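Please look over the sequence and the model below before reading on. The briefing that follows takes up a few local features in turn, grouped by topic.

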Amino acid sequence: MAAKLMHAVQYKSYGGGPFGLKHVEIPIPSLKKDEVLLKTEAASLNPSDFKIQKGLVRPFIPRKLPHTPVTDVAGEIVEVGQGVKKFKVGDKVVALLSFGNGGGLAEFAVAKEKLVVARPPEVSAAEGAGLPMAGLTAHQALTKDAMIKLDGTGQLKNILITGAAGGVGLYAVQLAKLGNTHVTATCGARNIELVKSLGADEVLDYKTPEGASLKSPSGRKYDVVIHSASSAIPWSVFEANLSARGKVIDLTIGASNLFTFVLKKITFSKKKLVLLAISAKAENLDCLVKLAKEGKLKTVIDSNYPLSKAEDAWAKRINTQCTGKIIVEP
C-alpha cells in the first residue's frame, strides 16, 4: 500500500494556526515491526496538537517537518506489520498515535500495536476517537493520583473539577461519579445543565464570585481538585478550599505551578500539588472503551468536520470555547 497516495493535512513550519495547514497528497505510510495501518474513520483534536504546531516542544516533537498532526483516531485495520499478534485486517479499533509522528489528519495512519484497542460496534468511530488523550488524562488523574476506585468502593471523597465542560473535564466528571465521590464542578453558564446531566452534584459558573472562589455550595472541603481549566487559578484559592490533606492535580503545567510544586515539596506541606504527566497505557484505554460500550462513559461531541475542512476545525478549537470534542472525519 506504500506505493499509493493518500489525502493528508500537514504543516511545513511552526506557527500559523489554521493558516499553516495545507492539504497534500502523500504516500500511504509503510509499516515497521509491531505496527498496524488504519483506514482513519475519525480523529479528534487536543490542546497538545496546537502546542506542537506552535513549537512549544521542539526539537523533540515533532520528529520532522512537514508534520501530519493529531494523535487520537479510530478506524479499521487494513494491514498488520511483522510481530502483530492481537489484531487482524478488518478489526475496528481506537488508537493513540505517536506524538513524534502524529498522522491523525490523513486517510490512513500508522499506530503501534501496544497503543491500539478493539472498538465494539456499540461505540462509534467519533465516540472512540474522542477517548485517547482526554479520557486517559482524566482516568489517570482519578485512579492513580486521586486513588478513586471506579467500582464505587472506597471512602467517600469530595472532588472539585475545574473546566468541567472541556475535553478532559467532561470525562472526569463521569469517571469520578463511578467512584464513591461527591463532585463539584466549574464551567460556563451555558454548560451547567450538561455537566449536571453527566453526574456532577454541584456546578458553579466560573464567572461568578462564587465560582471564582471555588467554594462548595454545600460547604465541603475538597479532598482532590482536578484542575483542567485553561485559566490560571492562584494556589491560595485552591488551598483555602482543600481538606487538611487535600491535593490539587494540575493538568496545566506552567512556571507558577512549577514554583508552587517545588515550594510544597520543600516545606513538606500536607496540602499537595501534583503535576500530571500522562502515561498512556492500552489497558486504561481499553477500560474507557468498555465503559463507553456499557453506556457509563459518554463522549460529548462539539462538532464534526470533514478532512477537507480540517483547517476550520483547527480554527474553531483555537478561537472558541468548545464543549467537548471536535471530530474530523475523512
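Predicted model: local features only at pLDDT ≥ 70, side-chain atom pairs only at ≥ 80, totals over all residues.

**Backbone features in the loops**

D34 has a relative accessibility of 27%, so it counts as partly exposed.

- D34 sits in the loop that runs between strand 2 (22–27) and strand 3 (35–44), and although D34 is a residue other than glycine, its phi is positive, near 70°.
- L214 is likewise not a glycine and has a positive phi, of about 65°; its place is the loop between helix 6 (209–213) and strand 11 (222–227).
- With a relative accessibility of 3%, L214 counts as buried, whereas D34, at 27%, counts as partly exposed.
- The peptide bond joining I61 and P62 is cis, with omega at about 0°, and P62 belongs to the loop between helix 1 and strand 4 (72–80).
- Another cis peptide bond, also with omega at about 0°, joins L65 and P66, and P66 is found in the loop between helix 1 and strand 4.

**An aromatic pair across the sequence**

- When rings are paired if their centres lie within 6.5 Å, the count comes to one aromatic pair.
- The pair is formed by F50 and W314, whose ring centres are 4.5 Å apart and whose planes stand at 80°, so the arrangement is edge-to-face, given that planes over 60 degrees apart are counted in that way.
- F50 is part of helix 1 (residues 47–54) and W314 is part of helix 10 (residues 310–319), so the pair ties together parts that lie 264 residues apart in sequence.
- F50 is buried, with a relative accessible area of 7%, and W314 also counts as buried, at 0% relative accessibility.

**How helix 1 meets helix 10**

- Two packed helices are described by the angle between their axes together with the distance between those axes.
- For helix 1 and helix 10, the angle is about 100° and the axes are 10 Å apart.
- Helix 1 and helix 10 are therefore roughly perpendicular to each other, since angles from 65 to 115 degrees are counted as such.
- On the side of helix 1 the contact is made by P47, D49, F50 and Q53, and on the side of helix 10 by W314, R317 and I318.
- Sorted by class, the residues of this contact between helix 1 and helix 10 are four nonpolar, one polar and two charged.

**Buried strand residues and their contacts**

- I326 is found in strand 15 (residues 325–329), and I326 is buried, with a relative accessible area of 0%.
- Which residues touch I326, once its neighbours within four places in sequence are left aside? I326 is in contact with A43, S44, L45, D302, S303, Y305, A313, K316 and R317.
- One of these partners, R317, is also among the residues of helix 10 that make the contact with helix 1.
- I326 and G163 are 163 residues apart along the chain, and their C-alpha atoms are separated by 16 Å.
- T184 lies in strand 9 (residues 181–187) and counts as buried, at 0% relative accessibility.
- Leaving aside neighbours within four places in sequence, T184 is in contact with I159, L160, I161, E202, L204, S216, P217 and Y222.

**An enclosed helix**

- Helix 4 (residues 167–176) has ten of its ten residues buried, so this helix is largely enclosed by the rest of the structure.
- The buried residues of helix 4 are G167, V168, G169, L170, Y171, A172, V173, Q174, L175 and A176.

**Cysteines**

- How many disulfides does the structure hold? The structure holds zero disulfides.
- C187 is in no disulfide, and the nearest cysteine sulfur, which belongs to C322, is 15 Å away, while a disulfide calls for two cysteine sulfur atoms within 2.5 Å.
- C187 counts as buried, at 4% relative accessibility, whereas C287 is partly exposed, with a relative accessible area of 27%.

Notes
Residues numbered from 1 in each chain as written. Heavy atoms only, no water. Phe/Tyr/Trp six-rings, centres within 6.5 Å; stacked < 30°, edge-to-face > 60°. Helix = DSSP H or I, 4+ residues; strand = E, 2+ residues; numbered from the N terminus. Buried < 20%, exposed > 50% of the residue type's maximum accessible area, 1.4 Å probe, protein only. Contact = heavy atoms within 4.5 Å. Axes fitted to C-alpha atoms, helices over the stretch in contact; angles between N-to-C directions. Parallel < 35°, antiparallel > 145°, perpendicular 65-115°, else oblique. Nonpolar A, V, L, I, M, F, W, Y, C, P; charged D, E, K, R; others polar.
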